[in-house]
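Open the model in a viewer and keep the sequence panel beside it. The stops below say what to select and what is found there.

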Amino acid sequence: MTYGVSRLQGRLDHLLAPRVTGGLERLDPELLLLLRIGLYQLLRLDRVPAYAAVSQSVEGARAIGQGRAAGLVNAVLRRAGEAGEGPERFPDRATDPVGWLTTYGSHPR
């Protein structure tokens, strides 16, 4: 899971960003990591039920002292998980190849 979250960080951040008011930059780094892990579980790990991935992330927020953010974690992961990671969520490969590579491909700009 660690490798997957690291490898797909650009993609995960792209999918999370529109669901966090004020942008991902305003989040505590540990909270952002929890969101990335939770979304990775939702999108990539078929054996982890969606409710378990969300619940685990919410409990993780409380465990790191971010209990006030539990609602944010719950809402963001549920919405991002429901939206999925279809190609329509990313820049067009033909018209914006750099945007596509940095988000869907998760490569550094």
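Predicted model: local features only at pLDDT ≥ 70, side-chain atom pairs only at ≥ 80, totals over all residues.

Select helix 3, residues 29-44.

Next, colour helix 3 by burial. The buried residues are L31, L32, L34, L35, R36, G38, L39, Y40, Q41 and L43. Which helices do these buried residues pack against? Show helix 1 (2-7), helix 2, helix 4 and helix 5, which are their partners.

**The nonpolar core**

In soluble globular proteins, nonpolar side chains tend to be buried together. Here the largest nonpolar core has 26 residues. Helix 3 supplies the largest share, seven residues.

Beyond its neighbours within four places in sequence, L16 is in contact with L24, L35, R36, L39, V76, L77 and A80.

**R36**

Move to R36, in helix 3. Is R36 buried or exposed? Its relative accessibility is 12%, so R36 counts as buried; the cut-off is under 20%. With neighbours up to four places away in sequence left aside, R36 is in contact with V5, Q9, L12, D13 and L16. For a distance check, pick the C-alpha atoms of R36 and G71: these residues are 35 apart along the chain, and the atoms are separated by 16 Å.

**Helix 4: A61 and S57**

Select helix 4, residues 50-63, and go to A61, which lies in this helix. A61 has 0% relative accessibility and therefore counts as buried. Leaving out residues up to four places away in sequence, A61 touches L31, L34, Q66, G67 and V73. L31 and L34 are among the buried residues of helix 3. Pick A61 and E30 for another C-alpha distance: the two are 31 residues apart in sequence and 8.4 Å apart in space.

Now select S57, also in helix 4. At 3% relative accessibility, S57 counts as buried. What lies 3.0 Å from a polar atom of the S57 side chain? Show the backbone of A53, whose oxygen lies at that distance. With neighbours within four places in sequence set aside, S57 is in contact with L34, G38, V73 and L77.

**The segment after helix 6**

Go on past helix 6 (97-103) to S106, in the segment that follows this helix. S106 has 12% relative accessibility, so S106 counts as buried. Which backbone atoms does its side chain reach? One is the backbone oxygen of R7, at 3.1 Å; another is the backbone nitrogen of Q9, at 3.3 Å. Not counting residues up to four places away in sequence, S106 touches R7, L8, Q9, G10, R11 and L101.

**The whole chain**

Zoom out and colour by secondary structure. The protein has six helices and zero strands, and from the N terminus on its elements run α-α-α-α-α-α. Along the principal axes, the C-alpha atoms fill a box of roughly 40 × 30 × 25 Å. A compact globule of 109 residues would have a radius of gyration near 13 Å; the protein has 14 Å, which agrees.

Among contacts between residues at least 6 apart in sequence, 62% join residues at least 24 apart. Finish with the surface. The accessible surface comes to about 6,500 Å², and 52% of this area belongs to carbon and sulfur atoms. Of the 109 residues, 41% count as buried.

Notes. Residues numbered from 1 in each chain as written. Heavy atoms only, no water. Helix = DSSP H or I, 4+ residues; strand = E, 2+ residues; numbered from the N terminus. Buried < 20%, exposed > 50% of the residue type's maximum accessible area, 1.4 Å probe, protein only. Polar contact = N/O pair within 3.5 Å; in protein donor to acceptor, adjacent residues only side chain to side chain. Contact = heavy atoms within 4.5 Å. Core = buried A, V, L, I, M, F, W, Y, C linked by side-chain atoms within 4.5 Å. Rg over C-alpha atoms; globule rule 2.2 N^0.38 Å. Areas by Shrake-Rupley, 256 points an atom, 1.4 Å probe, with all protein chains shown as cover.
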